[in-house]
Amino acid sequence: ASSPDGIIVPANNPFNVFGVPIDRMAYRTVELGPRTENVSADIFRFVSGLKGKIAESSWNWEAALLYAQDERHERLGGELSRAALEAAVKDTNPATAFNIFGNAANTAAALDRVKQDLFTVGKSTLFSLDGKVNGELFDLPAGPVGIAVGGEHREERGSTIRDGATSKGDTVGFNSGVGFTGQRDVESLFAEVNVPVFGQNLSYPGLYSFEITGAGRYDTYSDFGDAWNPKIGVRWQPLDQSLTIRASYSESFKAPT
C-alpha cells in the first residue's frame with residue numbers, strides 16, 4: 001500500500017514513532033509471501049459434419065455443427081484487503097494493530113486480518129450450424145461457370161463472475177473489476193461465382209487463361225447490426241500454367257467483442 005492509495009497511518013497508531021499522521025509512505029507486503037495466480041480451465045469442443053454429392057451432377061453439399069465451451073476458475077493469492085488494512089492501521093491496540101514500520105514485525109494474526117484471496121469464474125460457449133452447396137451453373141467456351149452459396153447460424157455466450165472484494169474495489173495489489181454477461185446471435189449468408197473468360201477452347205496469345213471471381217458476404221448481429229462485404233478477384237495466366245498472376249479487392253470488418 002502507498003499514500004497515493006489514500007491509506008493514512010494515524011498519529012495514534014501504536015507503532016507510529018513520529019507522533020503525526022503519515023500520509024506519504026510505501027510498504028511492500030513481503031510478509032504475506034508472493035502474489036500468486038492459479039487458473040484451472042475446462043475446455044470442451046465438439047464438431048460434426050456431413051457432405052455429399054447431388055445425384056450424378058457437379059453439385060456437392062456439406063454441413064457442419066460445432067459446440068465449444070470454455071470454463072475457467074482463477075484464484076489470486078497474497079492480496080490485501082483495503083478496508084481491513086485501513087482498519088488495522090487505525091487500530092490503537094498494539095496486539096491487533098498493523099505495523100508498517102518494522103521488518104516483518106507483524107504477527108500471524110495481524111497478517112490474517114488483512115490478507116485475502118480473490119476469485120473469478122468465467123464461462124463462454126459457442127454454437128454454430130453452417131452449410132453450403134457448390135457446383136457448375138453452365139458452360140462457356142472458356143470453361144464452366146462455378147458457384148458456391150452457403151449460410152451460417154452462430155450463438156455466442158459469455159459471462160464473468162467476480163468476488164465481492166474485486167467488484168467493490170476492496171483490493172490493493174490487484175486491479176478491481178466487475179463481472180459481466182453478454183450474448184449475441186449471428187446470421188450469415190455468402191455466395192461466390194467464378195467466371196472463366198479465356199481458357200480451354202477460347203484462348204489467345206497473352207490470354208492462355210483469365211478468370212474473374214466475385215463474392216459477397218452478409219452478416220447480421222443481434223447486438224451490433226448488419227454488414228455487407230464484397231470481394232472481386234482476377235486470375236490471369238498469360239503464357240501457360242507456369243506463370244499465374246492474381247489480383248483482388250475485398251472489404252472486411254470486425255464486430256466489437
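This is a predicted model: local features need pLDDT of at least 70, side-chain atom pairs count only at pLDDT 80 or more; totals for chains, interfaces and linings use all residues.
Student: How many bridges join β1 to β2?

Tutor: There are 18, and the two strands run antiparallel. Strand β1 covers residues 36–53, and β2 covers residues 60–80.

Student: What does the side chain of Arg72 touch?

Tutor: It makes a polar contact of 2.9 Å with the side chain of Asp70. Asp70 also lies in β2.

Student: Is Asp70 buried or exposed?

Tutor: Compare its relative accessible area with the cut-off: under 20% is buried. Asp70 has 18%, so it counts as buried.

Student: How do β3 and β4 connect?

Tutor: Check the link as well as the pairing. A hairpin of 2 residues joins β3 to β4. The strands, residues 115–140 and 143–162, pair in the antiparallel sense over 20 bridges. Thr120 of this pairing stands opposite Arg162 in β4.

Student: What pairs with β4 through 15 bridges?

Tutor: Strand β5, residues 180–198, which runs antiparallel to β4. Within this pairing, Gly146 stands opposite Asn194 in β5.

Student: Now the charges. How many salt bridges does a search of the whole structure find?

Tutor: It finds 12. For each one, ask which parts of the chain it joins. One of them links Asp91 and Arg113, with the closest N and O atoms 2.9 Å apart. Asp91 sits in the loop between α1 (82–90) and α2 (108–114), while Arg113 is in helix α2, so the pair ties together parts 22 residues apart in sequence.

Student: How accessible are Asp91 and Arg113?

Tutor: Asp91 is buried, at 16% relative accessibility. Arg113 is partly exposed, at 33%.

Student: Which side chain does Asp112 meet in a salt bridge?

Tutor: That of Lys115, at 3.3 Å from N to O. Asp112 is partly exposed at 47%. Lys115 is partly exposed too, at 45%.

Student: What does the salt bridge of Arg184 and Glu156 link?

Tutor: The side chains meet at 3.6 Å, N to O. The pair links distant parts of the chain: Arg184 is in strand β5 and Glu156 in strand β4, 28 residues apart. Arg184 is buried, with 8% relative accessibility. Glu156 is partly exposed, with 25%. Look next for shared partners. Here they join Glu152, Arg154, Glu156, Arg184, Arg217, Asp219 and Asp223 into one network of salt bridges.

Student: Last, the surface. Which residues make the nonpolar patch?

Tutor: Val17, Phe18, Val20 and Phe101 make it, over about 410 Å².

Key:
Residues are numbered from 1 along each chain as its sequence is written. Side-chain values use heavy atoms; hydrogens and water are left out. Patches are made of residues with over 30% relative accessible area and no salt bridge: like charges are joined within 9 Å, nonpolar side chains (Val, Leu, Ile, Met, Phe, Trp, Tyr) within 5 Å. Accessible areas come from the Shrake-Rupley method with a 1.4 Å probe; for residues, only the protein chains shown count as cover. A salt bridge is a side-chain nitrogen of Lys or Arg within 4 Å of a carboxyl oxygen of Asp or Glu. Helices (H or I, at least four residues) and strands (E, at least two) are DSSP runs, numbered from the N terminus. Two strands pair if DSSP finds at least two bridges between them. Buried means under 20% relative accessible area, exposed over 50%, partly exposed in between (1.4 Å probe, protein chains only). A polar contact is a pair of N or O atoms within 3.5 Å; within protein, one must be able to donate a hydrogen and the other to accept it, and residues adjacent in sequence count only if both atoms are side-chain atoms.
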